[in-house]
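Dear colleague,

My findings follow directly after it.

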Amino acid sequence: MKTEDFDYYLPKELIAQTPLKDRDASRLLVLHKNTGKIEHKVFTDIIDYLNPGDALVINDTKVIPARIIGEKEDTHAVIELLLLKPLEGDENSVNWECLSKPQKRLHVGTIITFGDGSLKAEVTELLNDGITHVKLIFDGILMEVLERLGTMPLPPYIHETLKDQSMYQTVYAKNYGSAAAPTAGLHFTKELLDKIEKKGIEIIPVTLNVGLGTFRPVMEENIQDHEMHTESYIISKSAADRLNKVKANGGKVFAVGTTSTRVLETNRHKYDKYTPEVNETSIFIYPGYEFKGIDNLITNFHLPKSTLIMLVSALAGKDNIMKAYNEAVKMKYRFFSFGDAMLIIDD
């Protein structure tokens, strides 16, 4: 398969630049994957497609204010870092993998100072594609320092300033660790989740810390040549037990987002049942893949030629996805991180 096979026309004005004031007021395109039937709804209608005994699997990762801008101590050149993941320990680790810009101005030993000097970074290794390893020097708790000095790492196609930083977090965000939001979850409100739970649907959290593997573009001509980066994930014993019970009782697993999907597919393909685990995944899902971990998917509209549009094409069929995306363009849906939602459902 060619990367070009997953391209589509998208007018720039359909790329959502700001989130809606009411999270759950977005539009919802429902794609019935077996028939190709398309319905146009609003996001609060999602509850109508969930039945008692089903599971709604959410990714409870929390986005780090990971974009920090500082100066080289020697030349005062402006350097931007995007913190991707700790290289050891937890989110307060001193050693981090990041994207640096411009990397050509850096060398091993370069010191970068941020803000009032309460945070510094020493370059320890320079790798390809702008990836840089740094040692962070700070006092106190790193996340508190970043809350003061950093900003949300919005994707490059968003040019508007995000006035309320919390709008790039899900309402259930809990565990710091991501360099990008699991954006399908941005549509949910606490009120909608309460209604879903009261209907008898199990809301089950897993964690995948979103990093370079999710948003790195596919540059290769043949998609099989694309190499995914690893991202860490957690499935608790409680989550695994509840998921196994849902499946045993005939319920459907609705994954919220491609990140939750990648966790469940990685785990179930290894063990043939949901199993407690702290691990990493570099799974790359594209057409021809056999799904074992999820039944249905709530997601956003993804970039052309991205690994994410390849994943949804694997679930619903490439022709169905391209038809749905062209319909969404025609109907002027809002695309990408702050855009509208899609439900891919197996009837």
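In which loop does Lys 305 lie? Lys 305 is placed in the loop between strand 16 (296-300) and helix 6. Please note that the model is predicted. The phi angle of Lys 305 is near 60°, a positive value in a residue other than glycine. Lys 305 counts as partly exposed, because its relative accessibility is 27%.

A second residue with this backbone feature is Phe 336, whose phi is near 75° and likewise positive in a residue other than glycine. Phe 336 is found in the loop between helix 7 (318-330) and strand 17 (341-345). With a relative accessibility of 6%, Phe 336 counts as buried, since the cut-off for that class is under 20%. A further point in the backbone is the cis peptide bond joining Lys 101 and Pro 102, with omega at about -10°. Pro 102 belongs to the loop between strand 7 (95-101) and strand 8 (111-114). As background, most residues other than glycine have a negative phi, and most peptide bonds are trans.

Turning to the overall fold, the protein has 7 helices and 17 strands. Its radius of gyration is 20 Å, close to the 20 Å that the globule rule gives for 347 residues, so the protein is as compact as a globular protein of that length. Along the principal axes, the C-alpha atoms fill a box of roughly 60 × 45 × 40 Å. Buried residues make up 55% of the 347 residues. Among contacts with a separation of 6 or more, 70% are between residues 24 or more positions apart.

Beyond its neighbours within four places in sequence, Ile 321 is in contact with several residues, including Leu 31, Ile 309, Val 312 and Met 342.

Leu 315 is located in helix 6 and is buried, with a relative accessible area of 6%. Leu 315 and Phe 291 are 24 residues apart in sequence, yet their C-alpha atoms are 7.4 Å apart in space. Phe 291 is also one of the contacts of Leu 315 beyond four places in sequence, and others include Lys 33, Ile 294 and Ile 344.

With kind regards

Definitions and conventions:
Residues numbered from 1 in each chain as written. Predicted model: local features only at pLDDT ≥ 70, side-chain atom pairs only at ≥ 80, totals over all residues. Heavy atoms only, no water. Helix = DSSP H or I, 4+ residues; strand = E, 2+ residues; numbered from the N terminus. Rg over C-alpha atoms; globule rule 2.2 N^0.38 Å. Buried < 20%, exposed > 50% of the residue type's maximum accessible area, 1.4 Å probe, protein only. Contact = heavy atoms within 4.5 Å.
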